[in-house]
Amino acid sequence: MGIIAWILIGLLAGMIAKALTPGRDPGGVIVTILIGVAGGLLGGWLGKVILGVDSIDGFFDLSTWIAAIIGSMIVLALYRLLSGGRRRHV
């Protein structure tokens, strides 16, 4: 897949992960894309290691989207843990 496909999957998977995960959502569109791309990579790696399958096959494959969304939810949870104590007081 090309870089544009990774960014698009990252944006959509990050948005879906934010919608499925309850709580306050840190960051904007750029953070959502980064969370989604990192989640896609993490989900693909976990699918390969745990299940022994190639989870990142193509843009329109269901396994790609499931791996990206689950990975994005994990990355989002970690991001919330790390950034939870840094709230700006205005």
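Biologist: How many helices and how many strands does the protein chain have?

Modeller: The protein chain has 3 helices and 0 strands. Helices (H or I, at least four residues) and strands (E, at least two) are DSSP runs, numbered from the N terminus. Read from the N terminus on, the elements follow the order α-α-α. This is a predicted model, in which local features need pLDDT of at least 70 and side-chain atom pairs count only at pLDDT 80 or more, while totals for chains, interfaces and linings use all residues. Residues are numbered from 1 along each chain as its sequence is written, and side-chain values use heavy atoms, with hydrogens and water left out.

Biologist: How should I read the packing of helix 1 and helix 2, and at what angle do their axes cross?

Modeller: Two packed helices are described by the angle between their axes and the distance between the axes. Axes are lines fitted to C-alpha atoms, for helices over the stretch in contact, and angles run from 0 to 180 degrees between N-to-C directions. Here, the axes of helix 1 (residues 3–20) and helix 2 (residues 29–51) come within 7 Å and cross at roughly 100 degrees. The two helices are therefore roughly perpendicular to each other; angles under 35 degrees count as roughly parallel, over 145 as roughly antiparallel, 65 to 115 as roughly perpendicular and the rest as oblique.

Biologist: Which residues of helix 1 meet helix 2?

Modeller: Contact means heavy atoms within 4.5 Å. On the side of helix 1, the residues are Trp-6, Ile-7, Gly-10, Leu-11, Gly-14, Met-15 and Lys-18. In helix 2 they meet Val-29, Thr-32, Ile-33, Gly-36, Val-37, Gly-40 and Leu-41. Leu-11 touches Val-29, Thr-32 and Ile-33, not counting residues up to four places away in sequence.

Biologist: Why does Leu-11 count as partly exposed?

Modeller: Buried means under 20% relative accessible area, exposed over 50%, and partly exposed in between (1.4 Å probe, protein chains only). Leu-11 counts as partly exposed because its relative accessibility is 23%. Met-15, also partly exposed, has a relative accessible area of 45%.

Biologist: What share of the protein chain is buried, and where is Gly-39 found?

Modeller: Buried residues make up 36% of the 90 residues in the protein chain. Gly-39 is found in helix 2 and counts as buried, at 0% relative accessibility. Leaving aside neighbours within four places in sequence, Gly-39 is in contact with Ala-67, Ala-68, Gly-71, Ser-72 and Val-75. Trp-65, found in helix 3, counts as buried at 18% relative accessibility.

Biologist: How much of the contact in the protein chain joins residues 24 or more positions apart?

Modeller: Such pairs account for 66% of the contacts with a separation of 6 or more.

Biologist: Which residues form a nonpolar patch on the surface?

Modeller: Patches are made of residues with over 30% relative accessible area and no salt bridge: like charges are joined within 9 Å, nonpolar side chains (Val, Leu, Ile, Met, Phe, Trp, Tyr) within 5 Å. A salt bridge is a side-chain nitrogen of Lys or Arg within 4 Å of a carboxyl oxygen of Asp or Glu. Here the patch consists of Leu-62, Ile-66, Ile-70, Ile-74, Leu-78, Leu-81 and Leu-82, with about 730 Å² of accessible area together. Accessible areas come from the Shrake-Rupley method with a 1.4 Å probe; for residues, only the protein chains shown count as cover. Leu-82 lies in helix 3 (residues 62–83) and counts as exposed, at 65% relative accessibility.
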